[in-house]
Amino acid sequence: MQARIEIKYIIPDARAKVKQKQFEKLGFLGKIKAVEIRDCYTIDAGIKAAEIKKAAQSLVNPLLEQALIDNFEAQKKFDWAVEIGFLPGVTDNVGNTAKETIEDLLKKKFKDGEGIYSSLIFFISGSLNREDAQKIADSLYNPLIQRVSIKSWAEYKKDKGMGIAVPRVKLDANLTVSEVNLDIDEEDLALIGKQGIKSEDGSRRGPLALDLEYLHAIRKYFNKIGRQPTDVELESIAQTWSEHCKHTIFADPMDEIKDGLYKSYIKKATEVVRKKKGKKDFCVSVFTDNSGAIEFDDEHLLTHKAETHNSPSALDPFGGSVTGIVGVNRDTIGFGMGAKPVANIYGFCLANPDESRVLYRDAAKKQKMLSPKRILEGVVQGVNVGGNCSGIPTAQGFLFFDERYRGKPLVFVGTVGLIPRRSKGRKSYEKKASSGDYIVMVGGRVGQDGIHGATFSSEAMDSGSPATAVQIGDPITQKKLSDAIVKEARDRGLYASITDNGAGGLSCSVAEMAKESGGCFIELDKVPIKYPGLEPWKIWISESQERMTLSVPKKNWLAFQKLMKSRGVEATIIGEFNTSGKCVVRNGKQTIMDVEMDFLHDGLPKKEIKTKKIEFAHSEPPRKNKKDWSQTVEKMLRRLNLSSYDFISSQYDHEVQGGSVIKPIQGRGRVNVDTAAIKPLLNSKKGAVLSYGINPNYSDIDTYHMAACAIDSAIRGAVAGGADMERIALLDNFCWCSSNEPERLYQLKRAVEACYDTAVAFETPFISGKDSMFNDFKGYDERGEPIKISVPPTLLISAIGVIPDVMKAVSIDLKYPGDLVYILGKTKDELGASEYYALISEEEKKNYLGNKIPRVDAAANRKIYKDFFGAVQKDLATAAISIGRGGLAIALAKMAMAGKLGVEISLSCLPGEKNYDDVDLFSESQGRIIATVAPKNKERFEKAMKKNPFALVGKVTDGEKISVKNKSGKHIVNLALNSALRAYRSNFKNY
Amino acid sequence: MKNPKALVLSGYGLNCEEETKFAFEKAGARADIVHINDLIADKKRLRNYQILSFPGGFSYGDDTGSGKAYANKVRNHLREELERFVGENKLVVGICNGFQIITNLGLLPGALTFNDSARYLDRWVDIKIEGESPWLEGIDTLMIPIAHGEGKYYADEKTLAELKKGKRIAARYAKGEICRYQDLAANPNGSLEDIAGVLGYEGRVLGMMPHPERAMFFHQLPHWPYLKEKYKREGKPMPKDGPGIKIFQNAVKYFA
C-alpha cells in the first residue's frame with residue numbers, strides 16, 4: 001500500500017527557527033509568525049497498515065517527535081504549506097536509510113520498484129500571498145533535482161493533506177541497441193558530435209563532444225571492420241576520448257612542442273627533479289594512478305590528489321560539491337591497492353555572493369541561473385556533508401572571489417591518503433588485473449544520474465547542458481565501501497586491482513583496467529541498476545556515484561563476496577578480464593560492443609594545436625601619498641579575498657581521526673590560515689604539511705608569472721608551517737576557459753612553461769594533476785541578450801610536505817611580547833593585479849590592474865626556505881606566516897589578530913628595492929615570510945638565515961596596536977587590534 | 001584485571017573507531033574494533049569484553065535523525081546481550097554519535113536534538129565534571145572538542161530532576177581555559193542547562209557529546225604551539241598527552 005508518515009517535532013525545533021529567520025530575509029521581515037518543519041516518508045510497498053504503524057515508531061525518538069500516519073485532521077491552522085521532495089531517480093539518502101531500517105525491523109526485503117521517498121514540509125504562518133509562498137519555495141528547492149508542492153490552508157483542508165506523491169522512476173525507454181549510421185553528410189555528422197545521437201522521437205541524447213576529425217576516425221575504423229558502430233560503442237568512445245578523460249589539450253602537439261605540454265613540461269619537470277634528487281628522491285608513484293604518492297616513512301606512503309567539479313556545481317551546487325569531494329576520495333581509495341583517506345582539502349572560486357545580476361541559460365529566460373549566494377551556500381554545504389559524513393578531516397581550504405566565476409564556479413576538492421608500502425606481501429602501490437579475474441562492481445547501483453558528465457564538462461555550459469549530468473553523492477554508501485576495502489579486503493589480498501568509477505562510469509573504468517590484462521568481456525545485464533528500464537548505453541556510461549571496479553581472482557571471489565555482504569556493500573560480477581585485445585560488451589545474448597583496445601585508447605587522432613601570442617598593457621593607478629595607511633589596511637581586511645571564513649572551517653570537521661596538529665583556524669583571534677599540519681599515523685610523530693597557491697588575478701597580466709607565483713605561494717605556505725624544502729611535492733589543477741581559442745592556449749602554454757621552470761628550480765616534483773579546460777558560461781542576461789562569461793585562467797597548486805616531527809610545526813599567532821619580528825625575502829614594486837589595486841579600482845570605479853606582477857626568483861627563495869626549515873628544526877621560530885595576498889601589512893595583521901598581541905615594526909631596513917609606502921605595505925612580492933623569534937635566540941636565528949636577505953624589523957608588544965613606521969621613520973599604520981578583527985570578520989556574518 | 005578488554009563498535013558510517021581504540025590501548029586496555037554485523041553474527045562475543053564503546057561518527061549519515069537507524073539495528077538484534085552487559089559490573093561509553101545512539105536506545109535518558117544554529121559545528125569547549133562515575137573519577141574540568149550537528153541535550157523536567165538527584169549529569173559546558181583563549185561562549189549548541197553528557201547504571205554508562213579521543217595528545221589542543229612556548233620559557237617539560245586520555249585511563253583503572 002501507499003502511506004505517508006509525517007514526523008512532527010514536539011519540542012522547539014532549532015531548524016524551524018533558523019529557517020524562519022532565513023525566510024524573513026527574503027523580504028518578509030515581521031510577516032512570518034511561525035514555521036514548522038516535518039520530515040515525511042512516503043511508503044510505496046506491499047506492507048500492511050499494522051506494519052506501517054510499527055515502521056513509523058522506528059522513525060521517531062518519542063522524546064522529540066511524534067509520528068502521524070496519513071493524518072491531516074490534527075493539523076493546526078497555517079497559511080502555506082511548502083513540500084519539497086526529490087524528482088524521480090535523484091539519490092534520496094534519507095529515503096534509502098528509512099527503507100533499510102524498516103526492512104531490518106520487519107525482517108523483509110522490499111521488492112524491486114518498491115521504495116520509501118523522503119520529503120520535507122514547511123508549514124508557514126504569516127501574512128503572505130501565493131507569490132510570497134512561491135518565493136520561499138524557490139529559496140528552498142532546485143528544480144533540476146527537486147519537486148515542490150505549495151498549498152494554502154484552504155487547499156490543504158480541501159485536499160485532505162499534501163497528498164501522496166511517489167517519485168518512482170518510470171522509464172519506457174527503448175531498451176534495444178541501435179546502430180548509428182556515420183556515413184552521412186558532414187553537417188549531420190557534426191550534429192551527432194555536438195548534440196548527441198538522435199533518438200527515435202527525433203530528440204538528441206546529449207553532447208558527445210566529438211568533433212569532425214574524431215568522428216572521421218571513428219567512421220574509418222568501423223568502415224574498416226565493415227559495419228556501423230552501435231550507440232553503445234559511439235557513446236563509449238566519446239567518453240574515453242573526451243577532453244575530460246584524455247586531456248588532449250595537454251597531450252597533443254602544440255606549436256613547436258611536439259610531445260605536447262604534459263610530456264614536455266609537467267611530466268618532464270618531475271623526471272628532471274627526480275633525477276637531480278637521486279637517492280633523495282621521495283616520489284613513489286607519479287601520474288600513473290588515481291593519485292600521486294610520496295614516501296611518508298619506512299612503512300607508509302602518502303598520496304595526494306585534487307580534482308574539480310565545476311559544471312555540475314553550477315547547476316546543483318550542493319550535489320556538485322558533495323559529489324566532487326566523495327569523488328576525489330575515491331581517487332584515494334582507488335590508488336594502488338587502496339589508500340585510506342586521511343585529509344580533505346577544498347577551494348571555492350566564486351562570484352561575490354551579494355552580486356544581484358540575473359542570468360539565464362536560455363534565450364527564453366526560463367532557466368534562471370542560481371544566484372552566487374545560493375551557489376556559495378550550496379558548495380559549502382556539499383563539502384560539509386561529503387567530508388563530515390565520511391569521517392575524513394577537512395584540514396585546509398580557501399575562498400577566492402572574482403566576478404568572472406559568476407557563470408561557472410570552480411569547486412576544487414582534494415584528498416590525502418595513507419597506504420602501507422606493502423600489503424599481504426605485495427607492493428601496495430602497484431596493481432594488475434590478470435586474465436581470468438572477475439570484473440566486479442562494488443558500492444552503489446547504476447541509475448540515470450550523471451549521464452554525459454565527462455563529455456558535458458568538456459563543453460562550455462549553455463541551455464543544452466543536461467540535467468542528468470547532476471548527481472548527488474551518498475557518503476555513507478561510500479563510507480561502507482571504503483572501510484570494507486581499505487580496512488579489510490586490501491590487507492587480506494582479496495583483489496588484484498581496483499579503480500574508481502568516475503567520469504564515463506563503467507565504460508572508462510573497465511576499459512582502463514583492461515589495459516592491465518589486455519582485454520575484457522562484460523555482461524551488461526548483470527550490472528545492478530537502481531530502477532528498471534535503463535537503456536544499455538546509459539548503464540555503460542552512467543556516472544552514478546559510490547562505485548569502484550575491482551579485479552578479483554576467481555579463487556578469492558567467495559571470500560570477497562562474503563566480506564562485502566557482511567559490511568552491507570553490494571558486490572557483483574559483471575564480466576571477466578582477458579587477453580583478447582578487445583573490449584566486448586554483451587547484453588543478454590546480443591553483443592553490443594566489440595572494439596579493439598588499441599583503437600579505443602589510442603585511436604584518437606592527434607591534433608596540431610596552434611597558439612597565438614597575446615600581451616596586455618593595463619593602466620596604472622596614480623600613486624597615493626598618504627600620511628596614514630591605517631584605514632587602508634582596515635579596508636583591505638574587509639575584502640572578501642582577505643576576510644575570515646571561519647563559518648566554513650568551523651562547520652567542517654577537522655579533528656576526526658585524531659591527527660589534527662595545525663588547525664584551519666588559529667590562535668586567540670581564530671584567524672584562517674593557508675597552511676595545515678596533520679599527523680596521519682596515530683603512533684608516529686611524523687606529519688604532513690598542506691598548503692596551496694592560487695593567483696588567477698595575475699593571469700590578466702601574464703600567466704607565466706601567475707603560475708610561478710602559485711607554485712612559490714604553495715611552497716612558501718608549507719615552509720612557513722614548518723615543511724622541509726627538500727620534501728615538498730606538488731599537484732597542478734588547471735581550470736582554463738575557451739581552450740579552443742589560440743590566445744587562451746597561448747596563455748596556457750606560458751603557464752605550463754612556468755610550471756616546468758619553477759618546479760625544476762625549486763626541485764619540487766609534480767606528482768599528480770588534472771585539468772578542466774572549458775569553464776565558460778554561454779547564456780543570456782536580464783534583457784535576453786547573449787552573454788559569455790569565462791573564468792580567468794586559473795591554476796591551483798597544492799603542496800604537500802612530510803615533516804619529521806609534528807611538534808615542530810609552526811603556527812601564525814604571535815606568542816609573546818618582546819619576541820623579535822623578522823622579514824625574510826625581498827620586497828619589490830610588484831603591485832600589479834594586487835588586492836590593493838583591486839581595492840582602489842573599486843573605490844574609484846576604474847580598472848587599475850597595473851602591469852608589474854610579482855616575479856619569482858626561485859633560486860634565492862629556495863635558499864631562504866631551506867635555511868628557514870633549519871631554523872624551525874632548532875625551534876627558533878615562535879610564529880611564522882607566508883606573505884601572500886594583500887602583502888606585508890595583511891600578513892602582519894593576521895599574526896597580530898591571531899595572537900591578540902600588538903606589534904611594532906619599522907620598514908627602514910626592509911630588504912629589497914627602495915620603495916614607496918604602498919609598495920612596502922601591499923606589494924605581493926613572492927619569497928617572503930614573517931617570523932618571530934624569542935629574544936634569546938636572536939643570534940642563533942640570524943646565523944641560520946645569514947646567507948639570505950632578511951631584516952629584524954621590530955617586536956611583538958603587549959599593546960593593542962598594529963604599528964608600522966615607514967622608511968623615513970614616520971608612523972604610517974596605527975591600527976587597533978579590535979578594529980582589525982572587526983574588519984576581518986565583517987563578511988559572512990549571517991552565514 | 002590489569003588490561004580490561006574494550007570492544008569498539010564500527011560500521012554503517014561510524015568513523016571514530018580507530019582513534020577510540022587507540023585511546024583505550026594508550027590507556028592500557030586491550031581493544032578490538034568489531035563491525036556490528038560481526039557482533040550480530042556472534043552475539044556472545046560481547047561477553048568477552050569489560051568495556052563497550054559506541055564511538056563517534058555519522059552512522060547512516062544521520063538520516064532519519066542522528067543515531068536513530070543504528071540504534072534500531074542494535075535494538076532489533078542485540079538488545080538482550082546489551083541488557084546483560086550493562087546488568088553486569090561493566091562499562092559503556094557513547095561518544096558523540098555513540099551518545100546519540102545510546103539515548104535513542106533508551107540506555108541513557110534524554111535526547112539529542114539539532115544545535116541552536118541548526119548547523120554542524122567543530123570547536124573546542126571546556127566541561128566541568130559533575131556526576132559520579134568510574135569514567136570521571138578525579139577529573140574536575142576538561143578542555144575537549146565537539147563536532148556535531150545534533151548535540152543539544154534535551155530532557156523533560158522529571159528526567160532532569162532525577163538526573164540531578166542521582167548525580168547523573170556527567171558534565172556541563174562551562175567557561176574555562178579554552179573558551180577564554182578563543183573567546184567563545186561556554187555552551188556551543190544550546191544544550192539544556194549546559195549538559196554535555198549524562199550517566200546511567202550507577203555511573204557505569206557514560207554518554208557525552210565531546211570527544212575525549214580527540215584530546216588524547218597534546219598536539220590536538222588548539223593552542224599547543226602557544227603552550228609549547230610557554231612551557232619552554234618556564235623551563236617546564238612539554239606534555240605528550242592531552243587531557244582527554246584521563247577518561248580512558250579511568251576505565252582501565254576501574255578494572256584494576
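This briefing walks through a two-chain model, from each chain's overall build to the contact between them and a few local details. The model is predicted: local features need pLDDT of at least 70, side-chain atom pairs count only at pLDDT 80 or more, and totals for chains, interfaces and linings use all residues. Residues are numbered from 1 along each chain as its sequence is written, while chains are lettered from A and ligands numbered from 1 in the order in which they are written.

**Chain A overall**

- Chain A holds 30 helices and 38 strands; helices (H or I, at least four residues) and strands (E, at least two) are DSSP runs, numbered from the N terminus.
- With a radius of gyration of 29 Å, close to the 30 Å that the globule rule gives for 991 residues, chain A is as compact as a globular protein of that length. That radius is taken over C-alpha atoms, and the globule rule is 2.2 Å times the number of residues to the power 0.38.
- Along the principal axes, the C-alpha atoms of chain A fill a box of roughly 85 × 70 × 60 Å.
- Of its 991 residues, 60% count as buried. A residue is buried if 20 or more other C-beta atoms lie within 10 Å of its own, exposed if 12 or fewer, and partly exposed in between, with C-beta atoms placed from the backbone.
- Among contacts in chain A between residues at least 6 apart in sequence, 81% join residues at least 24 apart. Two residues are in contact if their C-beta atoms, placed from the backbone, lie within 7 Å.

**Chain B overall**

- Chain B has eight helices and 11 strands.
- Its radius of gyration is 17 Å, close to the 18 Å from the globule rule for 256 residues, so chain B is as compact as a globular protein of that length.
- The C-alpha atoms of chain B fill a box of roughly 55 × 40 × 35 Å, taken along the principal axes, and 62% of the 256 residues count as buried.

**Where the chains meet**

- The contact takes 51 residues from chain A and 54 residues from chain B.
- Elements giving two or more residues to the chain A side include helix H1 (14-28), helix H14 (372-390) and helix H16 (475-489). H3(A) gives the most, with seven residues.
- The chain A side divides into 19 nonpolar, 18 polar and 14 charged residues. Here Ala, Val, Leu, Ile, Met, Phe, Trp, Tyr, Cys and Pro count as nonpolar, Asp, Glu, Lys and Arg as charged, and the others, Gly among them, as polar.

**A sheet in chain B**

- An open sheet of nine strands runs in the order E2-E1-E3-E4-E11-E10-E9-E6-E7 (chain B), with mixed pairing; two strands pair if DSSP finds at least two bridges between them.
- Strand E2 (30-35) and strand E7 (141-148) of chain B stand at the edges, each with a single partner strand, so one side of each is left without a neighbour in the sheet.
- Strands E1 (residues 5-10) and E3 (residues 51-54) of chain B pair in the parallel sense over three bridges, and B:Leu7 has B:Leu52 in E3(B) as its bridge partner.

**Two spots to look at in chain A**

- A:Leu952 is found in strand E36 (residues 950-957) of chain A and counts as partly exposed because it has 16 C-beta neighbours inside 10 Å.
- Leaving aside neighbours within four places in sequence, A:Leu952 is in contact with A:Leu820 and A:Tyr822.
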